[in-house]
Amino acid sequence: MEKDTPINELLQKPIVAINIGVQDFAEALQDQGVRVVNVTWSPPAGGDAEMLAILEKLL
Amino acid sequence: MLTESIVLPNRYLDSVFLMRVAKRLAGEPGIIQAAVVMATPKNLQVLADAGYAGVDTLGASVNDLVVSLQAETREGARAVLDSMDDWLQRDSGPVGATMVRTLDQALNAQPASNLAVVSVPGEFAAGEARSALESGLNVFLFSDNVSIEDELSLKEMAREKGLIVMGPDCGTSIIGGAGIGFANVVRRGPIGVIGASGTGIQEVTTLVHRWGSGISHAIGIGGRDLSDAIGGISALQAIDALEADPATSVIVLLSKPPGKKTRSLIDERIAQCSKPVVTCYLGILEAQPAGNGSATYTRNLDAAASAAVKLAGGDTGADGVETQETVSTDSASVDSVSIERALLMPGQRYIRGVFAGGTLCYQAQQIIRDAGLTVRSNEPLEKGMKLEDSRRSTGHALVDMGADEFTRGYPHPMVDSSQRAERIIAEANDRQVAVLLLDIILGYSASADPAGELAPAIRQAKRLAEQRGGHLTVAASICGSPGDPQGLETQTERLRDAGAIVFSTGLKAAQFATAVVSGRDA
């Protein structure tokens, strides 16, 4: 097992997080002193999952 | 009673926040019930079924927010709806300081990021997780309703890049002391935990803490990781990572029994591990050896935590296992079993469990089954033991109130206890019930006062039994650590004041419940 894979680094270094979704999770991380950026997320492509799947294929 | 609703077009807010707003709205004078949801077809159907008249004909689409109030008067409802903008303002606090709308913007704002925490609705979750992996981020995937195909492709992609996907449907991880999702405040120490379930991780990590040791990391892998469809991709990566981690000296693996092929893969890997590995496959039927090489097999969460603490050289002195056990919150003894039994009326014979934690529900079924009793559940150990109707218990029955069928459109019982309180009363109305079995889960992101939310229902349930001339034993376990925001002692006191017998572990509460009904099931 290599020692420098991203997983191993995750366990050795402080977490630096990006939160996408429930804002409470970002706040809980912040309360623990974790660096976190919260993404103010909204459903892409007007919330239409089918349209999103098509867009993902096209882009 | 009447229903008044409004549609707020193109307004997305996360479901946890919206449920909190709904709860506050329902506390307004003249408002009977309130719903605040994104207008997905599923959500609108749930509201229509719950009696919110006309919500399905508002013309709202999935990107719109719907607020619907059941009120005493139209004027009262309108007054609240007119001030909706104020209600929906969230105190964004410091996390709102950097306003970004996409993952790319977030990465620009914080290039050192190493983890994405994803909790968007299921149909979008795989896409967000994939983008995060492509950007070189590990992923904590809280969202459920991710297909098994998506899970497999995400995990294969992650493995290729040396990244890990924790989840989907991952409730808890603790990385380097930082709790992600529903996690407790536990001390750092030599024990690394890998868990397929959030509450399993919470129970073991808090027990390790309460028994004097600590946690290096706890890595959630999602409930399906050890199925043969996924083949334990994240579990195997987590074993590798914890084996390489200098802070970890003992590894614990918690899961339901793995798929057959995956079980051999995992067993082989554990046998080669240079660190001791404690496994706990809850619900497993076949006999297991006590150990094999570096592996120690256990059958419940308490045994797993205890074995790990001992393997890590747990001190049995002032702060160690034995001492902690004797000063634990447990109030059960042989005496209290006979006291409870003496108060029951003939015909009171069943255990009814109303759980917030799926794994604690599952473990309790195992205890009751091992005692030779037949126990049913909406999430049964074996298919044949499934409750015919999840909303109506028969015989010994344990209900996992966190299962999808109860959380569609409603908050999870770890966040809000309303549905559990109702179910407690429903169970207490059955004169054959002898013991009510409950779990209280503390920690980050959980309800601020779960015991306080359940206390009135516990009191009322006991009163109902007493009015019939009987007695209701309430056995409750608390999963939490003294450092949790809710306060372990305060929560314990609230339960005791309501008349519950409080246990420090789910296992002990289930064992107590089983002892109380033993021999009454004829």
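Across the interface of chain B and chain A in this predicted model, the rule finds one salt bridge. That salt bridge joins the side chains of Asp24(A) and Arg20(B), with a distance of 2.2 Å from N to O.

**The interface of chains A and B**

- Contact between the chains involves 61 residues of chain B and 43 residues of chain A.
- The size of an interface is often given as the accessible area lost when the parts come together.
- For chain B and chain A this buried area comes to about 4,700 Å² between them, and 63% of it lies on carbon and sulfur atoms.
- Within the area that chain B buries against chain A, Val95(B), Gln110(B) and Phe124(B) supply 15%, which is more than any other three residues contribute.

**The second largest pocket**

- The second largest pocket holds about 480 Å³ of space.
- Its lining is made up of 22 residues, of which Gln23(A), Thr40(A), Tyr12(B), Leu13(B) and Arg90(B) are the closest to the centre of the pocket.

- A search of the whole structure, over all chains, finds zero disulfides.
- Cys170(B) is in no disulfide, and the nearest cysteine sulfur, which belongs to Cys479(B), is 15 Å away.
- Cys170(B) counts as buried because its relative accessible area is 3%, below the cut-off of 20%.
- Cys479(B) is likewise in no disulfide, since its nearest cysteine sulfur, that of Cys280(B), is 14 Å away, whereas a disulfide needs the two sulfur atoms within 2.5 Å.
- Cys479(B) is also buried, with a relative accessible area of 1%.

Terms used
Residues numbered from 1 in each chain as written. Chains lettered and ligands numbered in written order. Predicted model: local features only at pLDDT ≥ 70, side-chain atom pairs only at ≥ 80, totals over all residues. Heavy atoms only, no water. 1 Å grid on protein atoms, 1.4 Å probe; cavity = no way out; pocket = protein on both sides within 12 Å on 5 of 7 lines; lining within 4 Å. Points joined across faces, edges and corners; volume = space filled by probe spheres on them. Buried < 20%, exposed > 50% of the residue type's maximum accessible area, 1.4 Å probe, protein only. Contact = heavy atoms within 4.5 Å. Buried area = accessible area lost by both parts, 1.4 Å probe. Salt bridge = Lys/Arg side-chain N within 4 Å of Asp/Glu carboxyl O.
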